Amino acid sequence: MTSRFNPVFATLPETVFESMSGLARRHGAINLGQGFPDGQGPDDVRAAAAAAFETVSNQYPPMMGLASLRRAVAAHYRHHQSLDLDPEHEVMVTSGATEALAGALMALVRPGDEVVLFEPMYDAYLPLVRRAGGVPRFVTLKPPRFGLDEAALAEAFSERTRVVLLNNPLNPSATVFSREDLALLADFCHRFDAVAVCDEVWEHVVFDGRHHIPLMGLPGMRERTVKIGSAGKIFSLTGWKVGFVMAAEPLMRGLSRAHQFLTFTTPPNLQEAVAYGMGKDDTYFEEMRAGLGRSRDRLAAGLVRLGFTVLPSAGTYFLSIDLGDGPEDDTQFCERMVREHGVAAIPVSAFYEQGAVRSLVRLCFAKTDATLDAALDRLAGMKRAR
């Protein structure tokens, strides 16, 4: 039967997110695996969506997105990242960041083109690259820094390199790439005439006084970068699936054609609400980061008290524990944790295609204090059992 299907998808196993979330449901576990926050998101943004049902047309909005949202996106990135974007020709709204990624790869990758991927990587990247006809070339990042290495980049890039796909901040390692790392990557993009597709959905979720640096803002990268953002991550509204793509007009022409024949458009009331949200003052973003930072610190401190080794988390909703050279790998540990102790997490090896690190376990801290404390109580029993 699998011969009837596209081979890229026919043999894909169940994702680790599906399997761990399924185990969490069956065992009544606290789910610190899949990356969604507790809560409903900002009251005022949700109220704007409800009001827009009555004030905005519920028919097809423009394929590029509502003008109000495209203007708001351009203004937002001008204020927060000093990017000068033309909202009419350089900003497009998509049905989430994953659609934006799929469309970008379909538009930019020709059969046989090589695409540089950094692992650990979000699980959608590799099948999307292969579906577009791309040939993946991997750069394996190593803990605890997960930084870029010139020798590894030199090995991955070639005259056939067409696209580089970068996630910054990086899920699952919770790394925020330095300006030096980004400048090194920009140099390789110039040298090999590659386009950088930048998945920057976590750009506002950075901690300890850090500021996100968009690759698009580096010298010479404005014309060869596709920047992707997500309202779901900015406003903790992951179910809304409102994304946005930014690129110079020559790139955007191709990106928009791919989008037109994928989802075409996105619910207009949600677009209008996100337009409102993108204009929120700096206080919202500061408080959002501070709240998530407190949750990160609460979970990290509790894990350290239990004797776990916790890796630094500079951004995203996640932190990782390092199991070291124990008798279990990360997958075995996660399965035992959910079955015997009622807490679900994600083995980081699932984010690698080759050269996997098998001692790291990712946990989501975007939860209430009560949820985190309950998980720590259960993990205390697991630590005693070890």
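Contact is taken to mean heavy atoms within 4.5 Å, and helices (H or I, at least four residues) and strands (E, at least two) are DSSP runs numbered from the N terminus. The structure is a predicted model, in which local features need pLDDT of at least 70 and side-chain atom pairs count only at pLDDT 80 or more, while totals for chains, interfaces and linings use all residues. Residues are numbered from 1 along each chain as its sequence is written, and side-chain values use heavy atoms, with hydrogens and water left out.

Helix 11 (residues 268-278) is largely enclosed by the rest of the structure, because nine of its eleven residues are buried. A residue is called buried under 20% relative accessible area, exposed over 50%, and partly exposed in between (1.4 Å probe, protein chains only). The buried residues of helix 11 are P268, N269, L270, Q271, A273, V274, A275, G277 and M278. These buried residues pack against helix 3 (43-55), helix 4 (67-81) and helix 12 (282-305), as well as helix 9, strand 2 (91-94) and strand 8.

On a 1 Å grid over the protein atoms alone, a cavity is a set of points where a 1.4 Å probe fits but cannot get out, and lining residues have an atom within 4 Å of a point. Grid points are joined across faces, edges and corners, and a volume is the space filled by probe spheres set on the points. By this rule, four cavities of 30 Å³ or more are counted. The largest cavity has a volume of about 50 Å³. Its lining consists of P144, F146, P172, S173, L311, P312, S320, V348 and L360. For the classification of this lining, Ala, Val, Leu, Ile, Met, Phe, Trp, Tyr, Cys and Pro count as nonpolar, Asp, Glu, Lys and Arg as charged, and the others, Gly among them, as polar. The lining of the largest cavity then divides into seven nonpolar residues, two polar residues and no charged residues.

One of the lining residues, P144, also takes part in a cis peptide bond with P143, with omega about 0°. P144 is located in the loop between strand 4 (135-140) and helix 7 (150-156). A cis peptide bond also joins E119 and P120, with omega about 10°. P120 lies in the loop that runs from strand 3 (114-119) to helix 6 (125-131). Most peptide bonds are trans, and most residues other than glycine have a negative phi.

For S236, which is not a glycine, phi is near 55°. S236 is situated in the loop between helix 9 (231-234) and strand 8 (243-246), and it counts as partly exposed because its relative accessibility is 21%. T316, also not a glycine, has a phi of about 75°. This residue occupies the loop between strand 9 (309-310) and strand 10 (318-322), and T316 counts as buried because its relative accessibility is 0%.

H212 belongs to the loop between strand 6 (195-199) and strand 7 (225-230). With a relative accessibility of 10%, H212 counts as buried. Residues up to four places away in sequence aside, H212 touches Q81, N168, P169, E200, E203 and K227. The side chains of H212 and E200 are joined by a polar contact of 2.9 Å. A polar contact is a pair of N or O atoms within 3.5 Å; within protein, one must be able to donate a hydrogen and the other to accept it, and residues adjacent in sequence count only if both atoms are side-chain atoms.

Side chains of opposite charge can pair when their charged atoms come close. A salt bridge is defined as a side-chain nitrogen of Lys or Arg within 4 Å of a carboxyl oxygen of Asp or Glu, and the count by this rule is 20. In helix 10 (residues 249-260), R253 and E249 lie four residues apart, about one turn of the helix. The closest N and O atoms of their salt bridge are 3.8 Å apart. R253 is partly exposed at 49% relative accessible area, and E249 is partly exposed at 33%. Another salt bridge links R160 and E159 (3.0 Å, N to O). R160 is partly exposed, at 43%, whereas E159 is exposed, at 66%. D297 and R296 likewise meet in a salt bridge (3.0 Å, N to O). D297 is partly exposed, with a relative accessible area of 41%, whereas R296 is buried, at 9%. Salt bridges that share partners join E114, R137, E159 and R160 into one network.

Methods:
On a 1 Å grid over the protein atoms alone, a cavity is a set of points where a 1.4 Å probe fits but cannot get out, and a pocket is an open set with protein on both sides within 12 Å along at least five of seven lines; lining residues have an atom within 4 Å of a point.
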